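Here's a quick briefing to read alongside the model. Keep the 3D view open and find each spot as it comes up.

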Amino acid sequence: MPKIKRPKIPEKSAASLQYIRVGIDYFKIIHKPDRYNILQKEIKRWNKQEIMQDHGKQILYDIPKYDDFILKPDNINFEQIYKNCYNLYNPISYIPQKGEWKWSEILLRHVFGDQFEAGLKYLQLLYLYPEQILPVLVLVSTTRQTGKSTFIDWVNAIFGKNVANIEPDSIGSTFNGEYAAANIITIDETMIERKSAVEKIKSLATKKYISVNMKFINNFKLPFFGKFILASNNEDDFMRISDEEIRFWVRKLSIPEEFNHNIDIDLVNEIPAFLHYLSSLPDPFVDGKKSRMVFTPEEISNEYLLKVKEQSHSGLFKELTEILTEFFENNSDKEKVYARPSDIKVHYFQTNARIERNYIRRVLKNEFKLEPSEMMRVREYDSLTEISFVGKPFLLEKSMFFDENDPKNDGNDPEILPF
């Protein structure tokens, strides 16, 4: 473990140290207290004429000049300047120190539950390996005051200006300067309906570089290390997540068993002790990297993620699941049947103009994961519609809709399982 160094903030006594020039643009470095009265650094674009008006023309010769911006996240041995590029990452404001972290542990156990050890590993990676790609963490609950915002506020307190708190609409915006250099991106009260925004979050979760688009500043390219933390009151439908998706870690929060009206203050006071504890844990990579996100799909999978995936299916998928479940209930002698999209359309959706054969075909292929058979003759007793035909039908099997190992399904009243 490298020796921890206290980050140094430049002195502000000399006017020249308040400003930097990056490329052809001038910026002023300011330090503002956050809600916990901790000074956080901000870089503001500044007008050259205003600098000369405030300090005289001579100051322009003293302002440090850098070739470009760079992003090198490091919470242990932070470097402000790297190869004459100005680092946009911000040193965190705490020195790890051994101590108690009672409320931090209570919060973590509340948020991660039976996945507590994985939760500790997640925080350890955020702190010690800020360049590491991590899953999109989603905290959900329809109930208020379950700790979603408390957890996000705590992450903000630890990592300061390296956290960008944005609105869902900001993801779809042309300008990304609000979060492009952030190491952690939080979106509270999330309900993301636009497919383009959903796809962008999925893409950014594993993106290596980003072209920074800011108003009044020429575009420039940066390495991208953003990790997403989402919070939503919509437990099952905050966004559409496909069955194959492995980038999301969903945790459902309940009302805390133990209340502390001063928990925000206690959590902040415990940060040095908590960081010391994270530093003392075994290296998270000791068992070798099994996934580019460190966590395997099995480690972060749970019932909450599965519910979101189920809810993410199209309306036609859900309708066909009910129809075919009922079909096999009423035809207990059949283990499988064949059907073409045209057969399903005529038999079940003949009067529904919104559901066409090509839509049925897409759902069968993309959501049921079926492929049509080779050209074949189907006899009427093997057909869903009880007619003989020649074509390339889909094979629909009873086992897709019923669990054969469930003892409840050994009679004429099979248990319908959520698909």
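This is a predicted model: local features need pLDDT of at least 70, side-chain atom pairs count only at pLDDT 80 or more; totals for chains, interfaces and linings use all residues.

- Aspartate 236 sits in the loop between strand S13 (227–232) and strand S14 (248–252).

**Salt bridges**
- Searching the whole structure turns up 11 salt bridges.
- One of them pairs arginine 45 with aspartate 25, with 3.7 Å between the closest N and O atoms.
- That pair ties together distant parts of the chain, as arginine 45 is in strand S3 (residues 39–45) and aspartate 25 is in strand S2 (residues 25–33), 20 residues apart.
- Arginine 45 is partly exposed at 44% relative accessible area, while aspartate 25 is buried at 14%.

**A salt-bridge network**
- Which residues are linked in a network of salt bridges? They're Lys32, Glu42, Lys44 and Lys161.
- Glutamate 42 bridges to lysine 44, with the closest N and O atoms 3.4 Å apart.
- Glutamate 42 also meets lysine 161 in a salt bridge, at 3.1 Å from N to O.
- Lysine 161 lies in the loop between helix H4 (148–159) and strand S9 (163–165), 119 residues away from glutamate 42 in strand S3.
- Glutamate 42 is buried at 15%, whereas lysine 44 at 35% and lysine 161 at 36% are partly exposed.

**Helix H3**
- Helix H3 covers residues 116–128 and reaches 18 Å from its first C-alpha to its last.
- Of its 13 residues, 12 are buried, so H3 is largely enclosed by the rest of the structure.
- Among the buried ones are Phe116, Lys121 and Tyr127.

Note on methods: Residues are numbered from 1 along each chain as its sequence is written. Side-chain values use heavy atoms; hydrogens and water are left out. Helices (H or I, at least four residues) and strands (E, at least two) are DSSP runs, numbered from the N terminus. The expected span of a helix is 1.5 Å times one less than its number of residues. Buried means under 20% relative accessible area, exposed over 50%, partly exposed in between (1.4 Å probe, protein chains only). A salt bridge is a side-chain nitrogen of Lys or Arg within 4 Å of a carboxyl oxygen of Asp or Glu.
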